[in-house]
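Trainee: I've got the model open on my screen and I'd like to go through it with you. Can we take it one question at a time?

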Amino acid sequence: MIKITCLLIGNYRSKRKIWQQNPTGTGPILCGRNLLDNIRLDWSSIRRLGKVNFEDVLKKYDHLFNEELGMLHGIKAKIRLKPMPKPTFYRAHSVPYSMQSKIEKELERIEEIHNKLAGGKTFTELDQSHAYEPMVLDEDSKECVTINTHRGLYRYNRLPYGVSSAPGIFQKTIEGLLNGIPFTGALLDNILISGATDDEHLRNLEEVMKRLSEAGLR
C-alpha cells in the first residue's frame, strides 16, 4: 500500500498532516470537505477575490431600467411667477419650444462635472429616459400649465417639456439627490459615475442606484 502525505507549511502554528490517501479507494477523498477541518483557515481574514461583479449591481436594481414612468417621492416642482403676472390665453395651436442657452452657466456646470470625475479609472453613464416627467407639480403650478385643445382645457399633473424653468428645477433636484457621492456628476437626465478604483466605482454606482430607487425614479 502506498501512502500519500501532505504537509501544510506557512503562517500556521505548526506543520500538520492534513490527509492520507490509500490508492486502493478505501481511504478518504483526496480533497474532500474533511480537508477544510484540518487546514483550519482563518476565514474572517479572507477577502473577496476576483473582479468587481458589475452584473450583480445591475441585477439588484433592474427595476430602474424598465419602461414604466416613475414618480419622484417627496418633492414637487414649484413654478415661480413674477409678481402680478398677466395671464395669457392661447388659441389651440402648437407652440414651438425654444430656450435661450446661458452659455457661461452651462460651461461652468460642465467644468464642475469634469472636476468631480477627475482621477476616475472607469466610468458609467445612466440616462433617465423620462427626464422631467417623474416630477409631480404642486397644485398652484398646475394652473400655469393649462393648455387649450379642440376638446377643451387640460392641465399637466407632472413637470412637462416646454416650461422654461424645467431644466433648472430638475437639475437642482438631481444634484440634491446625489449630493455627497464621490466621483459622481449629473447633467439633467444624464448621470456620470466613476471611481479611483474598480471597487470604488462599483460602490458609487450602487449608491447612485440606491438613491434613485428610493426617490422613485427610473
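Trainee: What share of the 218 residues of the protein chain counts as buried?

Mentor: Keep in mind that this is a predicted model. To count as buried, a residue needs under 20% relative accessible area. Of the 218 residues in the protein chain, the share that passes is 30%.

Trainee: And how far can I trust it: what is the mean pLDDT of the protein chain?

Mentor: Be careful with residues 1-20, where the pLDDT is below 50, even though this stretch has 33 contacts in the model beyond near neighbours in sequence. Over the protein chain, 70% of residues reach 70 or more, and the mean is 76.

Trainee: Which element gives the largest share of the largest nonpolar core?

Mentor: That core has 31 residues, and Leu126, Leu159, Ile191 and Val208 have the most contacts inside it. Helix H5 (166-177), strand E9 (190-195) and helix H6 (198-215) each give two or more residues. The largest share is 6 residues, and it comes from H6.

Trainee: Staying with Val208, which residues is it in contact with, leaving aside neighbours within four places in sequence?

Mentor: Val208 is one of the residues with the most contacts inside the core. Two of its partners, Leu126 and Ile191, are on that list as well.

Trainee: Is Ser194 buried or exposed?

Mentor: Ser194 is found in strand E9. Beyond its neighbours within four places in sequence, it touches Leu117, Gly120, Lys121, Thr122, Phe123, Pro182, Phe183, Glu200, His201 and Asn204. Its relative accessibility is 0%, so Ser194 counts as buried.

Trainee: What about Lys142 and Glu139: by about how much of a helix are they separated?

Mentor: They form a salt bridge, with the closest N and O atoms 3.1 Å apart. Lys142 is buried at 9% relative accessible area, whereas Glu139 counts as partly exposed at 45%. Because they sit 3 residues apart in helix H4 (residues 139-142), their separation is about one helical turn.

Trainee: Which residues do salt bridges with shared partners join into one network?

Mentor: Start with Arg155 and Glu143, whose side chains meet at 2.7 Å, N to O. Arg155 is in strand E7 (residues 152-155) and Glu143 in the loop between H4 and E6, 12 residues apart. Arg155 counts as partly exposed at 39%, and Glu143 as exposed at 52%. Shared partners join these residues into one network: Glu139, Lys142, Glu143 and Arg155.

Trainee: Last one: about how much accessible area does the nonpolar patch on the surface have?

Mentor: One of its members is Ile147, placed in strand E6 (residues 146-149). Ile147 is partly exposed, with a relative accessible area of 33%, and a patch residue needs over 30%. Together, Ile147, Tyr154 and Tyr156 have about 270 Å².

Conventions. Residues numbered from 1 in each chain as written. Predicted model: local features only at pLDDT ≥ 70, side-chain atom pairs only at ≥ 80, totals over all residues. Heavy atoms only, no water. Core = buried A, V, L, I, M, F, W, Y, C linked by side-chain atoms within 4.5 Å. Buried < 20%, exposed > 50% of the residue type's maximum accessible area, 1.4 Å probe, protein only. Helix = DSSP H or I, 4+ residues; strand = E, 2+ residues; numbered from the N terminus. Contact = heavy atoms within 4.5 Å. Patch = residues over 30% accessible without salt bridge, like charges linked within 9 Å, V, L, I, M, F, W, Y side chains within 5 Å. Areas by Shrake-Rupley, 256 points an atom, 1.4 Å probe, with all protein chains shown as cover. Salt bridge = Lys/Arg side-chain N within 4 Å of Asp/Glu carboxyl O. pLDDT = per-residue confidence, 0-100.
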